[in-house]
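The following exercises ask the reader to work from whole-chain totals down to single residues. Each task is followed by a solution in steps.

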Amino acid sequence: MALIFRACIDKHSLSGLFNRLCKVSKTTNVLQIAHISGKINRIQRPRPPPFPYQEKEYTALNFFEYTIERYDENSKIIVVEGPIAAGKDKFARELAKELEMGYMPSPSFDLLYKNAYGFDMRSLNSQLPERLQAYDIQTFLTNPKHNCVPALQVTNYLLKLNAYLESLLHVLSTGEGVVLNRSLYSDFVFMNAMYQAGYLNRQCRRYYEAVIEATICYCRKPHLVIYLDVPVNVVKERIQKRCIPYEVNSKVLTTKYLTDIETAYKEEYLPQISNHAYLLMYDWANGGNIEDVVDDIERIDMEYNDQNPKKLCDWLFLNLSELDEARQMYSRRNRSLIIAQSHVPLFEVSEMYHFGDDVKKIAELQELIPGGEFSEGYNPDMGDKVLWKLRHERNPTIPSVISYKELVAAE
């Protein structure tokens, strides 16, 4: 009976259900079309508690899940973009607090190279040939001629993909919007700069583009993109001022490299994304007032317009079934199916694969790593209690959204 009841509900239009949120077109049902509100002007209303998506899977059996009751005008995705040292992290955190949203920081390679027991695989690099070493952004900035540069950029994209999928899941599961520090949609900007600098060849670039084509189609573009514009000369001054050794001594962060990034942002990424999302740009060379930005955001009318059908089109849901399917697709159980699409069979690009003895050596090394013999939570030698254990621990390689409550509590 429960499944029959659910099927009947799914056949109904969402127009009536969303009328309390915004105006809805007579022919189209759109999720979350309204003005975003800052915490001062935001109207608080009773909502169901957030769905615990980190501990519990959302399935078709959750037929009493009041998904849409959690959504309001701030249930949106906002991405903060800009060059290196633009102040994106601080800006995005403050914006998230002003809008009572969650915050997704830029994913770190520590997610891949540090396991749950604190062991860092990069400490083994001295024992490995170059092609097998753990390679991250910090190493790239000081050694851009490394054999692993192509794999680095693909891996960096996949980290951003995972972070973005987690942000989508967070919004759809909790109703809390998310502010991200960069996203997968702008990642090609850095690939272009690396290619023009000669750090990877045409075949590797083709492989990267194939990975993007196979995976990005599963995502939904953000509602709003905010670009912090900082001139290259100011970027270089800030790099020197914050005095991070691998940036100050970098062979990569030249005037040409930084200019290539700025050019790709302004001539390619921003025009492309503005067709689908709303765009705000600020001269951030001397910083600015976050409250003025919130005022600008509140003025944007995010109502879907049939005359501009691409704008916000990723957030169209015709019925509850489509909304449920999105939540299930982005769940941590099913997300591996999306990530698996990145395994592009272009074996002639040897920089992207390990073969033969290399695979064997990596497997042998994995068993010697503390806590590397079994999955996280199932290593008795590391103190894990495995008797009668049925639930798999959280995947440590998935970035987590910092909720609004956690942001405020950390102050």
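## Exercise 1: The chain as a whole

The protein chain exposes about 20,400 Å², of which carbon and sulfur atoms supply 54%; accessible areas come from the Shrake-Rupley method with a 1.4 Å probe, and for residues only the protein chains shown count as cover. This is a predicted model, in which local features need pLDDT of at least 70 and side-chain atom pairs count only at pLDDT 80 or more, while totals for chains, interfaces and linings use all residues. Residues are numbered from 1 along each chain as its sequence is written, and side-chain values use heavy atoms, with hydrogens and water left out.

Task. State how many helices and strands there are in the protein chain, and what percentage of its residues count as buried.

Solution.
1. The protein chain has 16 helices and 5 strands; helices (H or I, at least four residues) and strands (E, at least two) are DSSP runs, numbered from the N terminus.
2. Of its 411 residues, 49% count as buried. Buried means under 20% relative accessible area, exposed means over 50%, and partly exposed lies in between (1.4 Å probe, protein chains only).
3. Among contacts with a separation of 6 or more, 77% are accounted for by residues 24 or more positions apart. A contact means heavy atoms within 4.5 Å.

## Exercise 2: Salt bridges

Task. Determine which side chains meet that of Arg 122 in salt bridges, and whether Arg 122 is buried or exposed.

Solution.
1. A salt bridge is a side-chain nitrogen of Lys or Arg within 4 Å of a carboxyl oxygen of Asp or Glu. Side chains of opposite charge can pair when their charged atoms come close.
2. A search of the whole structure finds 18 salt bridges.
3. The side chain of Arg 122 meets that of Asp 120 at 2.9 Å, N to O.
4. The side chain of Arg 122 also meets that of Asp 136, at 2.7 Å, N to O. Arg 122 and Asp 136 both lie in the loop between α4 (110-113) and α5 (137-142), so this pair ties together parts that are 14 residues apart in sequence.
5. Arg 122 has a relative accessible area of 18% and is therefore buried; Asp 136 is buried as well.

Task. Locate the two partners of the salt bridge between Asp 229 and Lys 266.

Solution.
1. The side chains of Asp 229 and Lys 266 meet at 3.1 Å, N to O.
2. Asp 229 is in strand β4 (residues 224-229) and Lys 266 in helix α11 (residues 255-273), so the pair links distant parts of the chain, 37 residues apart.
3. Lys 266 is partly exposed, with a relative accessible area of 32%.

## Exercise 3: Positive phi values

Task. Describe the setting of Glu 100 and of Cys 243, given that each has a positive phi without being a glycine.

Solution.
1. Phi of Glu 100 is about 55°. Glu 100 is placed in the loop between α3 (88-98) and β2 (102-104).
2. Glu 100 counts as buried because its relative accessibility is 16%. Together with Arg 42, Arg 47 and Asp 72, Glu 100 is linked in a network of salt bridges.
3. Phi of Cys 243 is near 55°. Cys 243 lies in the loop between α9 (232-242) and α10 (245-248).
4. Cys 243 counts as exposed, at 54% relative accessibility.

## Exercise 4: Buried residues and their surroundings

Task. Which residues does Ile 297 touch, not counting residues up to four places away in sequence?

Solution.
1. Ile 297 is in helix α12 (residues 290-299) and counts as buried, at 0% relative accessibility.
2. With that exclusion, Ile 297 touches Ile 36, Leu 95, Leu 99, Leu 224, Ile 226 and Leu 280.
3. Ile 36 is 261 residues from Ile 297 in sequence, and their C-alpha atoms are 6.6 Å apart in space.

Task. Find the place of Arg 70 and state its relative accessible area.

Solution.
1. Arg 70 is in the loop between α2 (15-18) and β1 (77-81).
2. Its relative accessible area is 4%, so Arg 70 is buried.
3. Not counting residues up to four places away in sequence, Arg 70 touches residues including Arg 45, Arg 47, Glu 65 and Arg 327.
4. Arg 70 and Arg 45 are 25 residues apart in sequence and 9.8 Å apart in space, C-alpha to C-alpha.
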